[in-house]
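This report describes the architecture of a two-chain model. The sequence and structure are shown first, and the description follows.

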Amino acid sequence: MALDRWVSFIILCAALAYGYAAFFTMDASLPPFMQRNPIWPSTFPKVLAVLTIATSLFILLGFEKAPESDQEPDIDYRRLGDYHLGQALTLLGLMVAYALLLRPAGFLFATFAFLSCGAFALGERKFHILLPIAAIASFIVWYLVDEVLGIFLRPWPFFI
Amino acid sequence: MIEGLLIGLSAAFSIQNLLMVIAGCLIGTFIGMLPGLGPMSIIAIMIPVAITIGDPSAAIILLAGVYYGAIFGGSTSSILLNAPGVAGTVASSFDGYPMARKGQAGKALTIAAIASFAGGSIGALLLMIFAPMLSTVALLFHSAEYFALMVVGLSAIAAFAGTGNVGKAILMTLLGLVMATVGEGALFNMPRFTMGLMDLQSGFSFITLAMAMFALPEALFLVLNPKRSAQGASGKIENLRITKEEGRKIAPVIGRQSIQGFFIGVLPGAGATIASFLGYAVERNIATKEEQEEFGKGAIKGLAAPETANNAACTGSFVPLLTLGIPGSGTTAILLGALIALNVTPGPRLMIDEPQIFWAVIISMYIGNLVLLILNLPLIPYIAKVLAIPRNYLIPFILFFTLMGSYIGQNNATELLILVGMGICATVLKFADYPLAPLLIGFILGGMLEDNFSRSMQLYDGIGFIVDRPMTLGLLVIAVLLVVIPSYRARRAKARQEGVAEGD
C-alpha cells in the first residue's frame, strides 16, 4: 500500500475516534436548557466527522487515481536512505532537546548550543568562525526579543 | 473615497509605518531569495514580531511588505541561479535565467524590478476601485451567505491546490476544520475534544501550526536533499540599463498582465503562481512568430509577463481578504490569522469601522512598490551576496527562528514539542503528496465557518436556511460543482487516454 493511502488510513482512524466522541460521549454533559437549542456543540463536529470519514475512505479505497506526472518528485520517500536522513533526524532531536532545555538552561546557553550543534551536525568544522557567530547571534536575538520587544526570556540557567 | 485616501495617507506616512514598509520589503527580499523558503514560511516567521508591535495597521503593513519583498526576492534567485525561492516566480526563470547566462543579468533584474513595480502599482489601483464596491455588496450578506461563501472559498482552494487529486486536498481541508474544533469555542463555553489536556484548552496555536506546516518541512527538505539549495557564487552584476526600444516592447505586456494577474489573484485558490504561469502562456501565444521563437531563450517579454502578473496577483489576493474576510490563498490566510490575533476582523465592516487600517494598507502597497524599486535596484548586486551564505549556517538558523516564533507567541516550552511533532506529521504528509495549504486555511476559517453556521441555525431554527435563502443555496451549489467538475474531467480525460470511453 502506498504511503498516501496509509496516511488516509490513519486519518480515517482518527476521524472514527473523533466521530465517536461527537456522536456518543459529548452530548452527555450538555445541560438540559441547551438541549432545546437547534444547534449543539456537537452538531458541527458530527458533520465534519461524516465528511472526513467519507473522504478518507474515498482515498483509501483508491477511487482517485493520481495523474501520472513525468516530473521527478523533490524527494522520493521510498529511497529515504539515499538522502541525508541522519542529519535530518539529528536536527529534529536537537529541536526536542532545545525545547526541553530552554527553561532550565536559559535562553543564551540553549540557543548557543543549538546553533553550534546544528551546524556541526551539518558538517561545519571551522569552529573559530562558528562559535563566535553562534554566540553573537544568540545574544542579538535575546536582546531584540527581551529588551526591544519586551517579551521575557530567561537568559541564564536556573541556578544563577 | 477621497476621504478614505486622506486617512490612509496620514496613517501610512507616519514614521513608524514608513519604517515598517521599508523593513518588511528588505526582510522579505533577503529571505525570499533563499531557495526553499516561500512567502508563507517567511510571513509565518514574521508573525510573532508583527503581533508584538500591537498596532494592527503597522503589523499588516509590515507583513504586506514582507510578502511583496519575498516575491521580488524569489525572482532574483530565479534569474541569477535558476533556483526559484518562491513558487510564484518559477515562470520568471524560464526566460530570466537564459538572459543571465547570456551576461544580461543586470538587465534581467531591472526588467523584473520594473515589471513588479508596475504590476504591484496597477494592482493597488484596481484594489482601490474594486474593494469598496465589493464590500458594499458584502454588507447585504447574512451569516447564512457567509457560511456558504466560506464553503465556496474552501472548495475552490481545494479544487485548485490539488490539481488532479482533489480528494486529498478536501481531506486536508476537513482535517484543518477538525483541528479548529479542538479547544474552547466562543459560542458554547465548553471545552471540546481536549482529552482532558490543559495544553489543548485554548486549541492549537495558529502560529505553531503555520510554522509546522510550512517552515519546518521546507527546512527538513533542504537538509535531506542538498541539491535543493543550489548555490553558486554569482558573478558581477553590471549594466542595469534597458533601452528605450526594449521599454516600448514590454510596456503593453506589463499593461495586459497587470490587469489579468489582478483578477486571477482575486479568485480564491488561484494565486501568484497560477497568474504567472498563465501570464507567460498568454503572452507567448499572442506574440508574433519570430518572438515566439525567442521565448525560453531569454526573451524580455517572457520575463516581464510573469513578473508583472505575480505581483498584480499578490495585490489582487488582498481583495477577498479585506472585503469579505475570506482569504484566497495560503499567504493571505496567514495574514488573516495575524489580523484576528490583533483583534481586527477583516470583512465588509472593516472599511466603515476601521478605515485607517484599510486605507493604510492600500497606500502602503504603493509605498512598498516604490521602496522595492528605489531601494532594491541599486542594492541588487549586494543583496545577491545572501545567496552565498553556507547552508551549514543557514539551516540551523531557519530552524531556530521557527522554534523562536512559536515560543514567543505562547511562552510555553510544551508548544515547541507540539511544533516538532506536527512538523514531522507535515513532512510525512508532504512525502505522501498531500497539499498543506488547504489544512491551514481550513484551520483558520474553521472557527468562523462554525460560528456563522450556528448563527444561521439559531436564526432559522434548523437547517431550513439553506432552502429559504436562494443565494445561500446558489453558493453551496457552486461549491459542490467546483469540487466535482475537476475530478469528473480528470476521470474522463484518463478514460479517453486509455481509449475506454469516448463520451459526448
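## Helix crossing in chain B

Helix axes are lines fitted to C-alpha atoms over the stretch in contact, and angles between N-to-C directions run from 0 to 180 degrees. In this predicted model, helix H5 (residues 90-101) and helix H13 (residues 300-316) of chain B cross at roughly 145 degrees, and their axes come within 8 Å. The crossing of H5(B) and H13(B) is left-handed.

On the H5(B) side, the contact is formed by B:Ala91, B:Ser92, B:Phe94, B:Asp95, B:Gly96 and B:Met99. H13(B) contributes B:Gly302, B:Leu303, B:Pro306 and B:Glu307. By class, the residues of this contact comprise five nonpolar, three polar and two charged.

## Overall composition of chain B

Chain B contains 22 helices and two strands. Of its 504 residues, 59% count as buried. Among contacts in chain B with a separation of 6 or more, 78% are between residues 24 or more positions apart.

## Helix H19 of chain B

Helix H19 of chain B covers residues 413-431, a run of 19 residues. From its first C-alpha to its last, H19(B) reaches 28 Å, which is close to the 27 Å expected at 1.5 Å a residue.

The buried residues of H19(B) include the charged B:Glu415 and B:Lys430. After H19(B) comes B:Asp433, which has a positive phi near 70 degrees.

## Domains of chain A

Chain A is divided into two parts: domain 1 spans residues 3-66, and domain 2 spans residues 83-148. The centres of these domains of chain A, taken over C-alpha atoms, are separated by 41 Å.

## Interface between chains A and B

The contact between the chains takes 53 residues from chain A and 54 residues from chain B. On the side of chain A that touches chain B, at least two residues each are supplied by helix H1 (3-25), helix H2 (43-60), helix H3 (85-105), helix H4 (107-121) and helix H5 (127-148) of chain A. H3(A) provides the largest share of this side, with eleven residues.

In terms of class, the side of chain A that touches chain B has 38 nonpolar, nine polar and six charged residues.

Notes. Residues numbered from 1 in each chain as written. Chains lettered and ligands numbered in written order. Predicted model: local features only at pLDDT ≥ 70, side-chain atom pairs only at ≥ 80, totals over all residues. Domains from an automatic or database assignment. Contact = placed C-beta atoms within 7 Å. Helix = DSSP H or I, 4+ residues; strand = E, 2+ residues; numbered from the N terminus. Left-handed = near helix turned anticlockwise from the far one by under 90°. Expected span 1.5 Å × (residues − 1). Buried ≥ 20, exposed ≤ 12 C-beta atoms within 10 Å, placed from the backbone.
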